[in-house]
Amino acid sequence: MLLAVGGLPGCRQSDDATAERVVTVPDFYTELRSMHRMSFASMKLTKTVTTDRTKWYKVGKRVGVYSYDVWIEGCVDLSELTPYDVVVDTLARRVSVTLSQPTLEIKGRSPELRVEYEHIDLFRSRPDSKERAELKEIADRDLQRELKSNSQIRDALLQTARRKGAAYVESVIEAAGYIPDVRFAGSSALNVGPREMTGE
């Protein structure tokens, strides 16, 4: 007997055929979906940005190299599950779950730019708060492009998220006494901050 969604009651006859015993199937779909978006992999990266505002019509050099830390996580969104993604075989006590592919998200940034190198001559001013904010915006855009093009970092995080995400869902199913069959479907996505970019 196959059920698309767990939690539906079933009955079977007792040995003497005079009484019925109700078998309660756990509602795996509702339980998993209620966990929403979960992080299963993380990595800290250091991003650098360089500014050179040395001009021929100004006296002195003005060069700086700055850095900040970025925390990236590989997440699996369990709230994307549909009833068709969770199939319960009550006879075999097997649960098949199809998860959406994990995504990468920038979850945090260090608030201030660190000074790695500065060469600012006497007649030149240091970068003010507005310029520092602009530098960080430039670095953020560069980071998004790098995450899309750097398959080594992207694939490592996504693979870890798949492995740990599947293991977590398997543990939930096994704890209820069922055999898990967990897989991922669809194309992967790369989500960096407020903008989402698709990548394979």
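Predicted model: local features only at pLDDT ≥ 70, side-chain atom pairs only at ≥ 80, totals over all residues.
Biologist: How do you know that the span of α2 agrees with its number of residues?

Modeller: The expected span is 1.5 Å times one less than the number of residues. The 21 residues of α2 should therefore span 30 Å, and its end C-alpha atoms are 30 Å apart, so the two values agree.

Biologist: Why are α2 and α3 called roughly perpendicular to each other?

Modeller: The axes of α2 (residues 129-149) and α3 (residues 151-175) cross at roughly 75 degrees. Angles of 65 to 115 degrees count as roughly perpendicular, and α2 and α3 are therefore given that description. Their axes come within 5 Å. On the α2 side the contact is made by L147, K148 and S149, and on the α3 side by S151, I153 and R154.

Biologist: What makes up the contact of α2 with α3, by class of residue?

Modeller: The contact has 2 nonpolar, 2 polar and 2 charged residues.

Biologist: Which residues of the two helices are called buried?

Modeller: Buried means under 20% relative accessible area. In α2 the buried residues are E131, L135, K136, A139, D140, L143, Q144 and L147. In α3 they are I153, R154, L157, L158, A161, G165, A166, V169, V172 and I173. For the protein as a whole, buried residues make up 36% of the 200 residues.

Biologist: What makes G177 partly exposed?

Modeller: The partly exposed class lies between the buried limit of 20% and the exposed limit of 50%. G177 has 43% relative accessibility, so it counts as partly exposed. This glycine is found in the loop between α3 and β10 (179-185), and just after α3 it takes a positive phi of about 85 degrees. G177 and P26 are 151 residues apart in sequence and 9.8 Å apart in space, C-alpha to C-alpha.

Biologist: What draws attention to the phi values of H36 and R93?

Modeller: Phi of H36 is near 55 degrees, a positive value in a residue other than glycine. The description for R93 likewise rests on a positive phi near 55 degrees in a non-glycine residue. H36 is found in the loop between α1 (28-33) and β4 (37-52), whereas R93 is found in the loop between β6 (86-89) and β7 (94-100).

Biologist: Why are H36 and R93 called neither buried nor exposed?

Modeller: The relative accessible area of H36 is 47%, so H36 is partly exposed. R93, at 35%, is therefore partly exposed as well.

Biologist: What share of the protein's contacts with a separation of 6 or more joins residues 24 or more positions apart?

Modeller: Such residues account for 72% of those contacts. The protein's secondary structure comes to 3 helices and 12 strands.

Methods. Residues numbered from 1 in each chain as written. Heavy atoms only, no water. Helix = DSSP H or I, 4+ residues; strand = E, 2+ residues; numbered from the N terminus. Buried < 20%, exposed > 50% of the residue type's maximum accessible area, 1.4 Å probe, protein only. Contact = heavy atoms within 4.5 Å. Axes fitted to C-alpha atoms, helices over the stretch in contact; angles between N-to-C directions. Parallel < 35°, antiparallel > 145°, perpendicular 65-115°, else oblique. Nonpolar A, V, L, I, M, F, W, Y, C, P; charged D, E, K, R; others polar.
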